[in-house]
Amino acid sequence: MDPISERLRARHPQRIDLSLDRMKALCAALGDPQHRLPPVVHVAGTNGKGSTVAMIRAIAEAAGLKVHAYTSPHLVRFNERIRLAGRLIEDDQLNAILDRIEGVGSEATVFESTTAAAFLAMAETPADLAIIEVGLGGVLDATNVIERPLLSVIAPVDYDHAEFLGTDLAGIAAEKAGVLKSGAPGVIARQQEAAMAAIERAALAVHAPLTVMGVDFDAWAERGGMVFQNQERFLDLPAPGLAGAHQIDNAGVAVAAALELDLPEAAIAQGLKTVRWPARLQRISAGPYGDAAKAADAELWLDGGHNPHAGRALAAFLAERQARAPRPLALICGMLSNKDAGGFFAALKDSQATVFTVGFDGAAADPAALAAVARGHGLAATPAGSVGEAVNMALRFGAGRVAICGSLYLAGEVLGASRETWPE
C-alpha cells in the first residue's frame, strides 16, 4: 500500500456510508472549495465512467485547456485520483492538504476526505475545466455537493454495489441521476428502458435538458474509425485509443459532451486518438508479467471490469480477437467477494477459455470458491496461489492470449509489480 493510502486508512473511517451531511460540514469548515472550482463536468454511471472521463479530458487537453480530473479508485498510487491541470498531484501538496482536512477535526470517511482534498487542490490550482467522477451512486455520493455543474454525464447504468444501491434498475438509475441539476444540460449514454425512464423523470423534476444517445445523437464503428451524428453534425472520426467495441459508445458520449462544451472537431479527433486509461483492456508488454508473455509469444491483456456488464464487454472483445486470430485463451480472474461472480462468468461461458482464479490484498473472493463458480458456468477453472503463478500456469498450458480480469484491485497489483507499468 502506498504511503498516502496508509495515512488515510489509519486516520479516517473506511466504511461506505452514503450521506451528504458529513461532507457538507467538512466542506463548510474548509471554506466550501466545491463552490470555487473551474466549470465542472460531473460524470455518473455504472460502467464506462472512467473511460468517458479520460476521453473528455483528452479532447479538452487537445483543445489547449488546462483540465483537472478526479477519479476513483486508484490502481497503484493514491495520487492517480487527483489530476491538477494535467499532472498527478504531488505527495507534498497532497499531504499538506490532508493536514488541513484533519485539522478541522472531521469524522469524514476516507472517500469523503479524499474528495474534499481533491476539491481543495482543484480550487487552489488554476484550470479551465474540472471533470469529477462520482464514486458510488449519485444522490448521496460525496461529490454531489457540487450544486451547479456546467454539464452532467450519465454513462450506462447497470447492476453493481447491490448492498448500497439495491437490485432495482430503475432505483439504481434514479440514484445515479442525482447528478442532474437545474438548468445544467445532461448527456446520457445508451440505457436500458427502465433506467432511461428513471433518468427522464429525474431530469424533468429538476428541469435539466437531456441529450440522449440513440435519440439525439449516435456513434458507430465504420472503416476502422468511428462516425458520430447528431441533429446538426456528422463527424468522421478516428477510433478511440481504448480497445473494445464498447468504447465506441463511450466515445460517442464523450464527443457529445465535447460538443456541449463547444470544443473543436480537430481536438475531438486528436483526443480520441491519444486517450489512455489504464486497466481497461490494456495490452501489457512490460514488467514481469508482460515479459513472461512476450517470451512465450503470447498476448497479455488487463481489464478491471468486475460486473456482468463488464463481463459482456470483455467477452465481446475476446470473441472478436479470437475470430480474427484464434489462439488458446486463458483468463486469470480475481474478484471482490461481494461481486456477482456468477453473472461475470455467465457472460464469458462461450469463450472456451481456461480459467485460473487468484486472490489479492483486500476482501477478495476465495480462489477455490471462485473457480467453483466458473466451473458452474461450464468453464474449466483451477485456483492459483498468485498472479505470477497463474500467468506461468496459463503459459505452460499453451495460452497464446491471456486476460487478467475481474477487479481493479487485481489490476492495480499487476500494474504495481513494475515501475514501468505504473499509471502516469
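The structure is a predicted model, in which local features need pLDDT of at least 70, side-chain atom pairs count only at pLDDT 80 or more, and totals for chains, interfaces and linings use all residues. Residues are numbered from 1 along each chain as its sequence is written, and side-chain values use heavy atoms, with hydrogens and water left out.

**Three-stranded sheet**

- Three strands, in the order E9-E10-E11, make up an open sheet with antiparallel pairing; strands (E, at least two residues) and helices (H or I, at least four) are DSSP runs numbered from the N terminus, and two strands pair if DSSP finds at least two bridges between them.
- Strand E9 (217–222) and strand E11 (234–238) are the edge strands, each pairing on one side only.
- From one strand to the next, the twist averages 20 degrees, where axes are lines fitted to C-alpha atoms, for helices over the stretch in contact, and angles run from 0 to 180 degrees between N-to-C directions.
- E9 and strand E10 (residues 225–230) run antiparallel and are joined by six bridges; Asp-218 has Gln-229 in E10 as its bridge partner.
- Helix H10 (residues 265–274) packs on this sheet and touches E10 and E11, its direction making about 35 degrees with that of E11; contact means heavy atoms within 4.5 Å.

**Six-stranded sheet**

- A second open sheet has six strands in the order E12-E13-E17-E14-E15-E16, with mixed pairing.
- E12 and strand E16 (381–383) stand at its edges with a single partner strand each, so one side of each is left without a neighbour in the sheet.
- Three bridges pair strand E15 (residues 354–357) with E16 in the parallel sense, and the bridge partner of Phe-356 in E16 is Thr-382.

**Salt bridges**

- The count comes to 18 salt bridges, each defined as a side-chain nitrogen of Lys or Arg within 4 Å of a carboxyl oxygen of Asp or Glu.
- Lys-49 and Glu-133 form a salt bridge in which the closest N and O atoms are 3.9 Å apart.
- This pair links distant parts of the chain, 84 residues apart: Lys-49 lies in helix H3 (residues 49–62) and Glu-133 in strand E5 (residues 129–133).

**Cavities**

- The whole structure contains two cavities of 30 Å³ or more. On a 1 Å grid over the protein atoms alone, a cavity is a set of points where a 1.4 Å probe fits but cannot get out, a pocket is an open set with protein on both sides within 12 Å along at least five of seven lines, and lining residues have an atom within 4 Å of a point.
- The largest cavity holds about 50 Å³ of space; grid points are joined across faces, edges and corners, and a volume is the space filled by probe spheres set on the points.
- Val-53, Arg-57, Ala-69, Thr-71, Glu-80, Arg-83 and Trp-277 line the largest cavity, giving three nonpolar, one polar and three charged residues. Ala, Val, Leu, Ile, Met, Phe, Trp, Tyr, Cys and Pro count as nonpolar, Asp, Glu, Lys and Arg as charged, and the others, Gly among them, as polar.

**Second largest pocket**

- The second largest pocket has about 630 Å³ of space.
- Of its 34 lining residues, Arg-276, Trp-277, Pro-278, Pro-423 and Glu-424 lie nearest its centre.
- H3 gives the most to the lining of this pocket, with four residues.
- By class, the lining of this pocket has 16 nonpolar, eight polar and 10 charged residues.
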